[in-house]
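Colleague: I am new to reading protein models. Please take me through this one, feature by feature.

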Amino acid sequence: MEMIKLHRRLGNALFAVAAVAVLLAVAACTGRSPIETPTPTTVAQTVFNEPVTNDSPVLAKTGGDAIEAATDSPPSGPGQVRLESAAAVMSLLAEQEAMMMAIYDHIVPSVVRIVESPGAFDASEGSGFVWDDEGHIVTNYHVIRGEGKVRALFFNGDEYDAEIVGFDPAADLAVVKIYAPAENLIPARLGDSSDLRPGQFTIAVGNPFGQDFTMTIGIVSAVGRMIDSGFSQFAIPEVIQTDAAMNPGNSGGPLLDRYGLVIGINTQIRSDSRQNSGVGFAVPVDLAKRVVPSIIEHGEHRHSWIGISAQDVGKDLRDEAGLDSGLRGTLIQTVTTDSPADRAGLKGGEEQITVMGRPVMTGGDVITSIEGERVTAIEDIIAYLALNTSPGDTVTLGVYRDGKQIEVEVELGERPASMAVPTVTPNR
C-alpha cells in the first residue's frame, strides 16, 4: 500500500495503515476480506462531497492536498494519491472503527466500576472485571485495600454489594464476589501474556477520573518490566508497559489485545502529576491465572521463595571481580539462614569489593540458569518462580562455582509473612 499523507480530512489515514495487521486478524475471524474497496465515485462523493467520475481529470481538493481522480496515471505530485488508494484507506478506517466498537461491545458487560466504602467522604474508585460465572470479580488490591464495603456497578446500571474473597498484596491483585443473575455474569475472555512484543495493539477499559466505562488504545511499549507493588519487598515480574492512556480509576480494569482478550490487569502509571504520561503498567494475565484461583480457593496466594539476594553480572563486575569475560548470570550476595538456598548449599559472597562506587560481595555462586532457562538477571529467577512454581516444588539451578558449571537442586519454600509491607499508602 502506498504511504498516504492527507493532512486534514484524511489525517487519520496513517493510523489506518498501521492497523492493517489488526484488520487481517478480523478478516481471519469473519471470513471476509478486510479491504472492500468502494468505487472512486463513492469515495469522492462520500469524503469530499463532490461528484467525480472514474475518467474525470478533476482533483478533489482537501485543504491544499489532493486526491487525483484519474485512475490511469500515477500521482502527479506530493500529497496526491490514486483514488483507489484513498478508497482502500477509508475502508480500512471503517473496518478499524467497526473492530473497536465490536471489542467494546463485547468487553463492557464484563467490566465493573469498583467503589470502596461507598457513600463515605473518602470513598475511592477503581475498576475490575468478571472472572467467572460464579460472580468472582478481579481488581487491584490497592483499589479495595482489604477493608470496608465494596460495591460493583455494571454498564447496564445494575449494582451489587460485593464481599471480599481475598487478596495478594505482592501482586496487587484482589478478588471480590457478587451474587447476581447469570445474565449479568459474563466472564472476560483471558488471553496469553507470555509472547507479547512491543508494538502490539493494546486496549484499556475502565473508569478513569470516574468517567465510567472508558476505552483507550495504544501499543505494548515494553515487556518484562519489574515494578514495586508498594505492599511487598518483592517486585511484580513480567509487567506489561503500555502507552494506552491510564489514569486514576483505571486500576483493576482489563488490558486487552487486538482480539479483545485480557492480557493484563491495569495497575499503575508513572507520572509526577498522577495523570497519564504515556507510561502505564499492567500485571500480566499469566500471573493472574496463578494468583486468582489461589485467592478464590484459599483467600490468599503462596509465593515460592529461594532466599537469596543477588547482583547481576555485567562487564564492570566481571572486570573488577576477575570473572570470565563470557560469564552471564546473577551473583549471589547473601543467603538467608535456614532458607531453601541455605539448605541446598548455595554460597553467598565472601569478600567485598567496590564496583562503580557500590559495594559488592564476590566469591559466591553465580546462577546462570533455572530449569534449563538462561538467567541473565535476578528478575529472570523471580519471574520463573512466580509464573511456573509453587512452594514445595523443586527446581534445578545452573550454578557457576569455582570456575566450573554445576547443577544444584533447590526445594522451594514460601515467602515469609514478615516480608509483606502492608503500611504503604496506595496510589489509586
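**Reading strands, barrels and a cavity**

Modeller: Start with a pair of strands. Strand S22 (residues 394-401) pairs with strand S23 (residues 404-411) in the antiparallel sense, over 8 bridges. This is a predicted model, where local features need pLDDT of at least 70, side-chain atom pairs count only at pLDDT 80 or more, and totals for chains, interfaces and linings use all residues. Residues are numbered from 1 along each chain as its sequence is written, and side-chain values use heavy atoms, with hydrogens and water left out.

Colleague: What counts as a strand, and what counts as a pair?

Modeller: Strands of a sheet pair through backbone hydrogen bonds, either parallel or antiparallel. Strands (E, at least two residues) and helices (H or I, at least four) are DSSP runs, numbered from the N terminus. Two strands pair if DSSP finds at least two bridges between them.

Colleague: Which residue of S23 does Val399 stand opposite?

Modeller: Val399 faces Ile406 there. S22 and S23 make a hairpin with 2 residues between them. In its turn, Asp402 has a positive phi of about 50°.

Colleague: In what order do strands close into the barrel that includes S9?

Modeller: The order is S9-S10-S11-S14-S13-S12, 6 strands with antiparallel pairing. From one strand to the next, the twist averages 50°. Such angles lie between axes, which are lines fitted to C-alpha atoms (for helices, over the stretch in contact); they run from 0 to 180 degrees between N-to-C directions.

Colleague: How many bridges link S9 and S12?

Modeller: Strand S9 (residues 201-206) and strand S12 (residues 254-256) share 2 bridges, in the antiparallel sense. Ala204 has Leu255 in S12 as its bridge partner.

Colleague: Which helices pack on this sheet?

Modeller: Helix H6 (residues 285-298) touches strand S11 (235-242), strand S13 (262-269) and strand S14 (280-284). The direction of H6 makes about 45° with that of S14. Helix H9 (residues 378-388) also packs on the sheet, touching strand S10 (214-228) and S11. Its direction makes about 95° with that of S11. Contact means heavy atoms within 4.5 Å.

Colleague: What does Ile378 touch?

Modeller: Ile378 is found in helix H9. Leaving aside neighbours within four places in sequence, Ile378 is in contact with Ile308, Ala310, Asp312 and Thr330. The C-alpha atoms of Ile378 and Ser309 are separated by 8.5 Å, though the two residues are 69 apart along the chain.

Colleague: How many cavities of 30 Å³ or more does a search find?

Modeller: Rolling a probe the size of a water molecule over the atoms shows where empty space is left. A cavity is a set of points, on a 1 Å grid over the protein atoms alone, where a 1.4 Å probe fits but cannot get out; lining residues have an atom within 4 Å of a point. Grid points are joined across faces, edges and corners, and a volume is the space filled by probe spheres set on the points. The search of the whole structure finds 1. About 40 Å³ of space lies in the largest cavity. Its lining includes Ala235, Ile236, Pro237 and His303.

Colleague: Which element gives the largest share of that lining?

Modeller: S11 does, with 3 residues.

Technical notes. On a 1 Å grid over the protein atoms alone, a cavity is a set of points where a 1.4 Å probe fits but cannot get out, and a pocket is an open set with protein on both sides within 12 Å along at least five of seven lines; lining residues have an atom within 4 Å of a point.
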